[in-house]
Amino acid sequence: QFLYFIGGMSRPFDVIVYGATGFTGKLVAAELSTRADLKITLAGRSNEKLQALAKRLQPTAKCARMDVEAVSVTDTLALEKLCRKGRVVIACAGPFLQVGMPVVDACIAAGTHYVDITGEFPFVRRVIEKHHAAAEQAHLFIVPCGGFDCVASDIANHYTHRLASQRQGALPVRAVEAAVGVKGGASRGTMESIANLLRTVQRSDLHPHCLIPQKERKGRTMPPKELAAGTVAFHPHFNRYRGPFVMAPVNERVVRRSDYLAGRDVAYTEMSLGSWSQGQRARVAAMMILGARYDAGLALLRRLVFPAEGDGPSDEVRRNGGFSVKTLAYASPRGSLDKTKPIASAGVSYSRDAYTFTAVSAVETALAIIQGETSPAFVGGVLTASAAVGDALLARLKSR
């Protein structure tokens, strides 16, 4: 049997999926099962559910090997032992603020790369503070937010700056605006993660640059206050009304970390687009979700909005889903912000739902890491997807 070696330890598996029996975990497992020559392990808490998943995937699987292993996040030694068997772990079990850190801890201890599908930026901040230095020293790539949150926005921003850099004589980009449109439903896990994020967010998470070291935030460009307040107004360049986008607080912070890691100081902001009434409805939806911070609001959302445990969008909803991210880049001298005319624009779109994209982007990010396609600018650390494998990931996603 061919074994891989990382840090002097044999690795019988390429990829371990932890949380493989959740809604998104199943999609990640299914995506990996189609990749020839890969050796994968499906892991999680329930051996019965893992065996059932493997049995369902086996008839059409093209991977070289598929094992299952039941391990609890509370069993530190067993979790570390599991992580030592793979080159990279894709973590799909959430809410990450509750159960995510033990998996990251185990990967650091085991010398194993890590990708997850979280959208919980307070969790990302804690991972950066706890593990960035150790991961960099150990040459490990720890990449949170490897799914739709926040790769769609992150890779669109990466592509936008690449296009802007090709404009000879242009001033440096000082602002990027992204309009995000999403069609599809949400899983119970996603809704619970949003609720948990709102109920556990700390004061230190509220800063627009909370994923950047505190000592390096001073003097960085801050986002426009009117967007942060969720106002609805006409956008002259998109030629539609802009309103709040519910996942903007997550995506913006992650993309700002990407810009920081790339040595850029840019005001990155996100919005939704539509008619004036659609913008107002987006405001109401954002306010309803904010109600999850309180017991009564969360109970109401769980009763009226949240899907059943383990459920997500139906196959039909997912087939008819999709998303787009359209960006505008503005250039101006340092210390000023001129939005009279964009110097570059880009678009990223996907004809399937966000969950299908999450599975694809998480898998492509993990494979780019273990196949040596990482950015030469970094040897490791807690990085965003675009910082770790931006060009490779963009090429991989374009080829899909």
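This is a predicted model: local features need pLDDT of at least 70, side-chain atom pairs count only at pLDDT 80 or more; totals for chains, interfaces and linings use all residues.
Residues are numbered from 1 along each chain as its sequence is written, and side-chain values use heavy atoms, with hydrogens and water left out.

**Exercise 1.** Find where leucine 32 lies and state whether it is buried or exposed.

Solution. Step 1: leucine 32 belongs to helix H1, residues 23–33; helices are DSSP runs (H or I, at least four residues) and strands likewise (E, at least two), numbered from the N terminus. Step 2: its relative accessible area is 0%, so leucine 32 is buried (buried is under 20%, exposed over 50%, partly exposed in between, with a 1.4 Å probe and protein chains only). Step 3: beyond four places away in sequence, leucine 32 touches residues including Ile90 and Val363 (contact means heavy atoms within 4.5 Å).

**Exercise 2.** Describe helix H14 and its surroundings.

Solution. Step 1: H14 covers residues 354–370 and reaches 24 Å from its first C-alpha to its last. Step 2: 17 of the 17 residues of H14 are buried, so the helix is largely enclosed by the rest of the structure. Step 3: just after H14, glycine 372 has a positive phi of about 75 degrees.

Technical notes:
The expected span of a helix is 1.5 Å times one less than its number of residues.
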